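I opened my notebook for this one and wrote things down as I looked them up. Here are the entries, in the order I made them.

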Amino acid sequence: MKKIISLIFHSFIVLSVASSQETPIIPTPAKVTYHDGVFTLRKDALVVAPSSLSSVAMLFTDDINSLNDYHLTVVAKGKTEGNIKLLSDRNIVHTEGYQLDILPGSVTIRASSDAGFYYGLQSMKQLIINGSGALKAQTITDFPRFQWRGVMLDVSRTFMPLNLVKRYIDHFSLYKLNVVHLHLTDDQGWRIEIKKYPLLTEIGSKFDPEFNRMGGYYSQDEIRDLIKYAHARNIMLVPEIEMPGHAVAAIASYPDLSCEGTRPKIHTFFEGPSIHEEIFCAGKESTYKFIYGVLDELCELFPSPYIHLGGDEAPKATWKKCPDCQKMMKDNNLGNEEELQSLFVKKIGDYLRTKNKTLVGWDEIIDGGMLAGNEVLMFWRGWKLSEVEKEVKAGFRVVCTPTTHCYFDYPYKSISTRTIFDYDPVIPGTSEKNYLGVQANFWSHIDRSENNIDKQLFPRALGLAETAWSNAENKNWNAFKTKALLNISYLKERNIFVYSDSTLIQ
Ligand SMILES: [Zn+2]
């Protein structure tokens, strides 16, 4: 009897592994049903798509045609037999959901939005990449667990050229990540053109010469180009302008923005204090006028409903000595400088609301206790879990990016692919609906080459995708590992400098 049970158990394991090999899609789809037979993709197959979907379809065919010797073509009308057909279907209710039917005679992707079709095609692409063109017949019904599946790129400390950001967008979107949060400003550099304040890029985008390090910035035309590129791949770009702290690059450009009005140097992270005393003055009306001017251009440029204003690590020593800051506190009956920061954040949030934008901030924005409640908290202080739990219970929406699981600048020995794979952002006893989602943060204070950045992001981004998209009950580490190894081979072929595979075996 024991032998029989053992045999049954062994067969189950073999079947489970075989199944994971048959559907090597990351993140794991919500539901897969297998059918008899296989669909063989001809090298010259057609993708039959209505003209409204031709650009989504062509992103797919361009990608596939760049592999081996495929020459797939997008057509508006054509027979279904032997081809891939995109079919609008209002019954697919989730805006990012899709149904992929692979039958021996044809493939059909149903969705009700461009995003759904894009993701159905990404699943198809992964099956082709990780198979041989002979795809096991199956029906995949899929939709995400979380609406915010992000990666933060710190383009301030190490400026990342436009093409590098696009390369990451390509590979994040293959794994159905849908937010790239651009940390555009910090003490080490201002990286976006603001036409009203040209010195921000003339001065603020460059390190002081003695530090001998490259700066750079994105023009507004480049940002428009990047937004378009990201949007086509269902990625929302969320801009962050840090305030009131981490603002040395802005203050070096316009010294009156600080309490003392003197110009600090723009130096590299390791050649200056890690957290600067110089921060925006919260007492002068001219500071707010400047910030509103920057936000006017930002809101015009970025279609994202979210604008991130930072809000973390703001030392208050200068505010304690500043007559303008102290007067602002007195006029508003504030008891301490933390409350002044809260007022500062509230004023910015109110301004953003007039532009139909929602403020996102690092979780320090809750410290002064004056927020309206519709702001989004980006939870990063892993040691403040109980405080975040309290705020989530009070109704705040949160994006989880804790230092304990989501800091992709940390070495693999402290945060492995398994660490982020095993992470469940929902704190027990809280409502999942308050969680917008999960995000990895890549801080670039260490000067990194492109290969180094690749290595920090991959393969951990695959574990992130699984946590952000897949239902918790569908996650299986052993199955994921098999799929991840296949995907790592593909990423290497695409010249992504993936960190050693051994990190997966933990
Ligand atoms: Zn001040």
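**Entry 1: Glu 96 and its partners**

I started with a side-chain pair: Glu 96 and Arg 149 are joined by a polar contact of 2.9 Å. I kept in mind that this is a predicted model. The side chain of Glu 96 also makes a polar contact with the side chain of Asn 178, at 3.1 Å. Where does Glu 96 sit? I found Glu 96 in the loop between β4 (84-88) and β5 (98-102). Is Glu 96 buried or exposed? Its relative accessible area is 8%, and the cut-off for buried is under 20%, so Glu 96 counts as buried. I then listed contacts, skipping neighbours within four places in sequence: among them are Ala 115, Tyr 119, Asn 234 and Trp 469.

**Entry 2: the zinc ion**

Which residues hold the zinc ion? I noted four SG atoms, from Cys 259, Cys 281, Cys 322 and Cys 325, at 2.2 to 2.3 Å. Why is the arrangement called tetrahedral? The four donor atoms subtend angles of 105 to 114° around the zinc ion, so the arrangement is tetrahedral. Along the chain, the donors follow the spacing C-x21-C-x40-C-x2-C. Cys 281 and Cys 325 link distant parts of the chain, 44 residues apart. Cys 281 is in the loop between α7 (248-253) and α8 (285-301), while Cys 325 belongs to helix α10 (residues 323-331). Cys 281 is buried, at 0% relative accessible area, and Cys 325 is buried too, at 0%.

**Entry 3: the largest pocket**

Next I looked up the largest pocket, which holds about 630 Å³ of space. I counted on the list of 26 lining residues, of which Ala 230, His 231, Asn 234, Ile 235 and Met 236 lie nearest the centre. Two or more lining residues come from each of α2 (54-65), α3 (114-130), α6 (220-232) and β12 (236-243). The largest share, four residues, comes from α6.

I found a cis peptide bond from Met 243 to Pro 244, with omega near -10°. Pro 244 is in the loop between β12 and α7. Another cis bond runs from Phe 458 to Pro 459, with omega near 10°, and Pro 459 is in the loop between α14 (450-457) and α15 (460-469).

I also checked phi. For Glu 313, phi is near 45°, a positive value in a residue other than glycine, and Glu 313 is partly exposed at 30% relative accessible area. For Asn 333, phi is near 55°, and this residue is exposed at 71%. Asn 333 lies in the loop between α10 and α11 (337-353).

Conventions. Residues are numbered from 1 along each chain as its sequence is written. This is a predicted model: local features need pLDDT of at least 70, side-chain atom pairs count only at pLDDT 80 or more; totals for chains, interfaces and linings use all residues. Side-chain values use heavy atoms; hydrogens and water are left out. Donors are N, O and S atoms within 2.8 Å of the metal (3.2 Å for Na, K and Ca); water is not among the atoms, so sites may look incomplete. Four donors count as tetrahedral if all angles lie between 85 and 135 degrees; four count as square planar and six as octahedral if opposite donors are over 155 degrees apart and all others between 65 and 115; anything else is irregular. Buried means under 20% relative accessible area, exposed over 50%, partly exposed in between (1.4 Å probe, protein chains only). A polar contact is a pair of N or O atoms within 3.5 Å; within protein, one must be able to donate a hydrogen and the other to accept it, and residues adjacent in sequence count only if both atoms are side-chain atoms. Contact means heavy atoms within 4.5 Å. On a 1 Å grid over the protein atoms alone, a cavity is a set of points where a 1.4 Å probe fits but cannot get out, and a pocket is an open set with protein on both sides within 12 Å along at least five of seven lines; lining residues have an atom within 4 Å of a point. Grid points are joined across faces, edges and corners, and a volume is the space filled by probe spheres set on the points.
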